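Open the structure in a viewer and keep the selection tool at hand.

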Amino acid sequence: MLTLEKFEEAMEVVKQAVYPTKLVFSEYLSEQTGGKVYLKPENMQHTGSYKVRGAFYKISTLSKEEKERGLITSSAGNHAQGVAYAASRFACQAHIVMPTITPLIKVNRTKSFGAEVILHGDVYDEAYQHARVQAEEYGYTFVHPFNDLEIATGQGTIAMEIVQELPTVDYILVPIGGGGLIAGVSTLAKMLNPKIKVIGVEPVGAASMKASLEAGHVVELDDISTIADGTAVRTIGELSLPYVQEHVDRIITVEDEELIGAFLDMVENHKMVVENAGLLSVAALKQLDCKGKKVVSVLSGGNMDVITMASTVQYGLIQRNRIFTVSVLLPDKPGELVRVASVIAGVKGNVIKLEHNQFVNTNRNAAVELRITLEAFGTEHKEEILDALGQAGFRPKLVSAKL
């Protein structure tokens, strides 16, 4: 069972492996929500996520014989690094099975801690089944990423740190994947202060905890689809469910598009890289009445590869109308391009890219197409640019922005 005694023991153990992630007050999010919003930056951990807490505590409880057999686990990435790092600290070999779609940064970081990485399956659940087969065949000790109460105990130490630093916290928002983090945090938070509201957050495309709570038992989703790869699991842990049923006050689901906006908020306002799964607790703030409340959003991880980061920034800028593409038809004669550029410059638009298509019409003198990708300050500025082009007689037509 999850007990206060075990949580206190775990606190002492994980201090050997984790950085103190002090709460960060978010002036930006506080202004947006009307509450006092604090961030718990577990993305700043040595392994890039909170997972090292549970892994380190779990391995500390294993017998010498269990460690000597070697460890194996399955992971979408963050638990992999936690186990690999903890195993190196306890001088035992770790074998990690990861889905083939795992971001390269997570694979390489896991290898850097000395673990053997095996890529198998398209989703976490397929990697999990393969790891179980390997454990049976070679006698490895299996370290489950979430369906393990000692893992949950280690993750729950986050709640202890939050309450120690902010005793009057009203809400704690926690991302949900398999359920180990939310089980540990909610249980300990309620032990320390029953008045604290613990809110779990899932992506709409992988809301396995919400489905299980509604059914009253563990439900396996037929399909999952989300950019929050760290929470993309079809089935939650059966050991976690009773604790979530008892201690979690609400589940919020978040669309992928909201995570893209939250990523921009973190980068621009807090200079922090947070992976999509870790942003669930930030995106969910819009669905919560925070006025007059002290809220902590747990940023569960920051292991995002550069390619994903680049595409997220691009889509975020498009989503917020800070980048857009417009098509105009021009007579094919000297001076027309300069005229368009002058109109855009007059309203302080910034041209990023130009595409000139002379073959849009068989009569080039009648019209050639010019596609202009522009940078704007936001929706209002975008409309100002479009209006200026229209007033100049260019009849601008919006098209999908592509960088």
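The expected span of a helix is 1.5 Å times one less than its number of residues. Helices (H or I, at least four residues) and strands (E, at least two) are DSSP runs, numbered from the N terminus. This is a predicted model, in which local features need pLDDT of at least 70, side-chain atom pairs count only at pLDDT 80 or more, and totals for chains, interfaces and linings use all residues. Residues are numbered from 1 along each chain as its sequence is written, and side-chain values use heavy atoms, with hydrogens and water left out.

**Stop 1: helix 9**

Select residues 180-192, which form helix 9. The 13 residues of helix 9 should span 18 Å at 1.5 Å a residue, and its end C-alpha atoms are 18 Å apart, which agrees.

How many residues of helix 9 are buried? The count is 11 of 13, and helix 9 is mostly covered. Buried means under 20% relative accessible area, exposed over 50%, and partly exposed in between (1.4 Å probe, protein chains only). Among the buried residues are Gly180, Val185 and Lys190.

Now show what lies around them. The cover of these buried residues includes helix 1 (4-14), helix 8 (149-165), strand 7 (171-175) and strand 8 (197-203). Helix 10 (208-215) and helix 11 (241-247) are also included.

**Stop 2: Leu192**

Select Leu192 in helix 9. Leu192 is partly exposed, because its relative accessible area is 34%.

**Stop 3: the whole chain**

Zoom out. The protein chain has 16 helices and 14 strands. Its C-alpha trace spans about 80 × 50 × 40 Å along the principal axes. Of its 403 residues, 57% count as buried.

Contact means heavy atoms within 4.5 Å. Among contacts between residues at least 6 apart in sequence, 72% join residues at least 24 apart.

**Stop 4: cysteines**

How many disulfides does a search of the whole structure find? The search finds 0, a disulfide being a pair of cysteine sulfur atoms within 2.5 Å. Select Cys92, which is buried with a relative accessible area of 11%. Then select Cys290, which counts as buried at 1% relative accessibility.

**Stop 5: Asp265**

Finish in helix 12 (residues 256-270), where Asp265 is found. Is Asp265 buried or exposed? Asp265 is buried, because its relative accessible area is 8%. Leaving aside neighbours within four places in sequence, Asp265 is in contact with Tyr28, His270 and Arg320.
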